[in-house]
Amino acid sequence: MKLRVDLDKPYDIEINAGSINCLNRYLKENYKNSKILLVSDDLVFNIHKEKILKELDGFFYKTYILKNGESSKNTENLIEMLEFAAKNEYRRSDLVLAFGGGVVGDITGLFSNLYLRGLDFIAIPTTFLSAIDSSVGGKTAVNLKEGKNLCGTFYQPKKVFIDTDFLKTLSDYTFNDGLAEAIKYAMIRDKSLLKELMKEKIDKNYENLPLVIKSCIDIKREVVREDEKDLGIRQILNYGHTFGHAIEKKSNFKIGHGHAVALGMLIMVKYFNEDFYNDFLKLLEKYGLYDNIDFNTEEILKLCMVDKKSRKDRITIVAVKEIGSCELIEIGLKDLRKIYENRQDYN
């Protein structure tokens, strides 16, 4: 299954079981004389080392392996990657492969944009979350001490290979992180997808998983085509993320991104669509996305207001009042506090 992302510099997304097996041929056709820098993390590389290195047969390559986890998405590792590439004399004609989840994809995309003002990179997501979200659309970033994704650029990949076989090795917790983003897409744009998520038991062996992935990416590529630089409509993809990012940061990233976004969406549903609250809570519980947490209001609001979507004392939030559609609303700190304090008591 192939999808096209139509931008000024368009690219294709391959979605299939075993799609990684096409990588070597693609490299020979497009990067025959390029050196390759493979960026991954220790967990993914240890599990899939044989499969990915087989596709690099015939190429000169180096590997740069990060420690698995959100804590690796930092400026220190970014600088080390830049120094590593310079030391090994990578040139603008060379290629970078981002092989891993969202952390690997985000930092590798940013590195690829910065080094020599731009190297081509290919995204090979290995988690459900990165497959349907971060590998598509060109957002790259690392975290700063003050908040998540505060240092980043827009830089599109040359190609995305989504091999659903990689998803079968994920833990249930990690897979469900991606389900939270699928729920997000359904809430903002696809009522039929939400019905499927509620009716079926979608897991890493779900027969129609490639079609679920396609449904999510279809939404994202349409929105990105309309607003590549996140200046308007693309902000709807942040549904649940304002509180989600704050919860994720406050937990010291012990709560996964998707799980935190799920809780962020739950807060928004409680305030803007209370009639749907119980059904939405059941949906989160079905996929293990509900956590009994309750963080201090002032601490959460402080983290929200350093979010990249904030402007001085105002912030843009995404509200779903009717399933399958959404709107952007600019509010102040007083209203943000009201939404958070209206949340269900988690204790």
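Searching the whole structure turns up 23 salt bridges, a salt bridge being a side-chain nitrogen of Lys or Arg within 4 Å of a carboxyl oxygen of Asp or Glu. The model is a predicted one, where local features need pLDDT of at least 70, side-chain atom pairs count only at pLDDT 80 or more, and totals for chains, interfaces and linings use all residues. Residues are numbered from 1 along each chain as its sequence is written, and side-chain values use heavy atoms, with hydrogens and water left out.

**View A. Lys 204 and Asp 172 pair up in a salt bridge.** Their N to O distance is 3.7 Å. The partners sit 32 residues apart and link distant parts of the chain: Asp 172 belongs to helix H7 (residues 172-189), while Lys 204 is in the loop between helix H8 (191-199) and helix H9 (209-226). Helices here are DSSP runs of H or I with at least four residues, numbered from the N terminus. Lys 204 is buried at 18% relative accessible area, whereas Asp 172 is exposed at 55%. (Buried is under 20% relative accessible area, exposed over 50%, partly exposed in between, using a 1.4 Å probe and protein chains only.)

**View C. Five residues join in a network of salt bridges.** The members are Glu 70, Lys 73, Asp 106, Lys 148 and Glu 248.

**View D. Helix H8 has its buried residues on one face.** Those residues are Leu 193, Leu 194 and Leu 197. H7, H9 and helix H12 (277-286) are among what covers the buried residues, with contact meaning heavy atoms within 4.5 Å.

Note on methods: Helix = DSSP H or I, 4+ residues; strand = E, 2+ residues; numbered from the N terminus. Arc of directions from axis to C-beta.
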